[in-house]
Amino acid sequence: MKVVLFCGGYGLRMRSGASDDIPKPMAMVGPRPLIWHVMRYYAHYGHTEFILCLGYGAHHIKNFFLTYEETTSNDFVLRNGRTELLSTDIADWTITFAQTGIESPIGERLRRVREHLDGDEMFLANYADVLTDAPLPQMIERFARRDAGASMMVVPPQSSFHCVDLGEDGLVGGITAVSELPLWENGGYFVLRQEVFDHIPENGDLVADGCAGLAKQGRLVAHQHRGFWKPTDTVKERAALDAAYARGDRPWAVWERDGAGAGACTSGSRDGAGVGA
């Protein structure tokens with residue numbers, strides 16, 4: 001199943017200064033950028049056809065894959081001056097790099113890559129900046145059985161703030177942590193059918209237009225996930241993930257927990273990914 005990744009936003013809260021033009025999906029977690037971790041998650045479950053919706057800082061993403069170094073995250077043998085890889089990350093991946101505009105909303109980016117989906121009834125989509133250990137096969141299977149146009153993974157609120165219940169006299173009736181409220185947030189992992197395009201107008205949004213339109217018709221389902229899920233909207237959140245990686249605490253790396261998985265392969269040479277236009 002094809003995977004559409006939205007990686008063209010500015011990511012202003014992740015930038016360290018005016019001269020920093022690296023898009024958020026290229027922020028580092030361990031030796032690899034965020035987008036790599038997201039792609040390895042999908043590849044582990046056998047989904048290795050990627051469509052990257054590029055925009056701001058696109059050259060950073062292109063250069064990363066065009067000059068990809070397999071030896072950074074794979075064991076290898078150096079023999080007679082030649083590198084012999086014992087395994088590879090991306091040799092079996094197909095990656096389409098599509099420029100979808102600097103200012104385009106998420107929905108418009110999706111509209112602009114529709115031609116690359118080859119009319120597939122179902123496909124996957126992701127913001128390319130959120131890590132999780134959610135069981136993707138279950139998410140897809142449950143959606144495939146439903147008569148719906150889209151599935152959205154939802155997670156409990158991540159805020160550490162508290163909500164205060166106020167009476168008319170200003171007295172506090174109760175204090176509740178946001179995380180304990182019966183609310184769910186958009187988790188950023190989508191399974192979609194072509195039907196979603198019927199609800200996204202030009203320059204529209206995937207969630208506010210596409211998903212909301214389907215919800216009004218009773219054709220949007222949610223996959224509730226209470227396991228690991230971490231966004232990287234700020235420098236602090238990215239740093240926390242980087243620190244967790246360094247100490248070996250990386251539950252999102254399902255390819256390490258479950259073994260090599262469908263997305264890994266072996267190779268005796270330095271192969272790169274298949275590159276689409």
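Hi everyone, let's start at one spot: the charged end of Arg250 sits over the ring of Tyr245, 4.0 Å from its centre. Here "over a ring" means that NZ of Lys or CZ of Arg is within 6 Å of the ring centre and within 35 degrees of the ring normal. Arg193 also lies over a ring face, that of Phe143, at 4.4 Å from the ring centre.

Before we go on, a word about the model. It is a predicted one, where local features need pLDDT of at least 70, side-chain atom pairs count only at pLDDT 80 or more, and totals for chains, interfaces and linings use all residues. Residues are numbered from 1 along each chain as its sequence is written, and side-chain values use heavy atoms, leaving out hydrogens and water.

The pLDDT is the predictor's confidence in each residue, from 0 to 100. The protein averages 88, and 90% of the residues score at least 70. Over residues 260–275, though, pLDDT stays under 50. Where pLDDT is low, the predicted coordinates should not be read in detail.

Now the overall picture. The protein has seven helices and 16 strands; these are DSSP runs numbered from the N terminus, with helices being H or I of at least four residues and strands E of at least two. Of its 277 residues, 47% count as buried. Buried means under 20% relative accessible area, exposed means over 50%, and partly exposed is in between, with a 1.4 Å probe and protein chains only.

Let's look at helix 2, residues 58–66. Which of its residues are buried? They are Ala58, Ile61, Phe64 and Phe65. Seen down the axis, these fall within an arc of 130°, so they line one face of helix 2; the arc is that of the directions from the helix axis to the C-beta atoms. They pack against strand 1 (2–7), strand 3 (32–33), helix 1, strand 4 (49–54) and strand 7 (94–99).

On to the aromatic rings. The structure holds 14 aromatic pairs. The rings of Phe64 and Tyr68 have their centres 5.4 Å apart and their planes at 85°, so this pair is edge-to-face. By definition, rings of Phe, Tyr and Trp (its six-membered ring) pair if their centres lie within 6.5 Å; planes under 30 degrees apart count as stacked, over 60 as edge-to-face and the rest as tilted. Both Phe64 and Tyr68 are buried. Elsewhere, Tyr41, Tyr42, Tyr45 and Tyr189 form one aromatic cluster.

My next stop is Arg109, in helix 3 (residues 106–112). Is Arg109 buried or exposed? Arg109 is buried, with a relative accessible area of 3%. Its contacts (heavy atoms within 4.5 Å) include Phe6, Cys53 and Glu103. Arg109 and Phe6 are 103 residues apart in sequence, yet 7.4 Å apart in space, C-alpha to C-alpha. The Arg109 side chain also reaches the backbone oxygen of Gly8 at 3.2 Å, and a polar atom of that side chain lies 3.3 Å from the backbone oxygen of Ile102.

Finally, two asparagines. Most residues other than glycine have a negative phi. Asn80, however, has a positive phi of about 55°. Asn80 is in the loop between strand 5 (76–79) and strand 6 (82–85), and is exposed, at 76% relative accessible area. Asn203 has a positive phi of about 60°; it is found in the loop between strand 13 and helix 5 (206–216). At 46% relative accessibility, Asn203 counts as partly exposed.

Technical notes
A polar contact is a pair of N or O atoms within 3.5 Å; within protein, one must be able to donate a hydrogen and the other to accept it, and residues adjacent in sequence count only if both atoms are side-chain atoms. Lists of a residue's contacts leave out its neighbours within four places in sequence.
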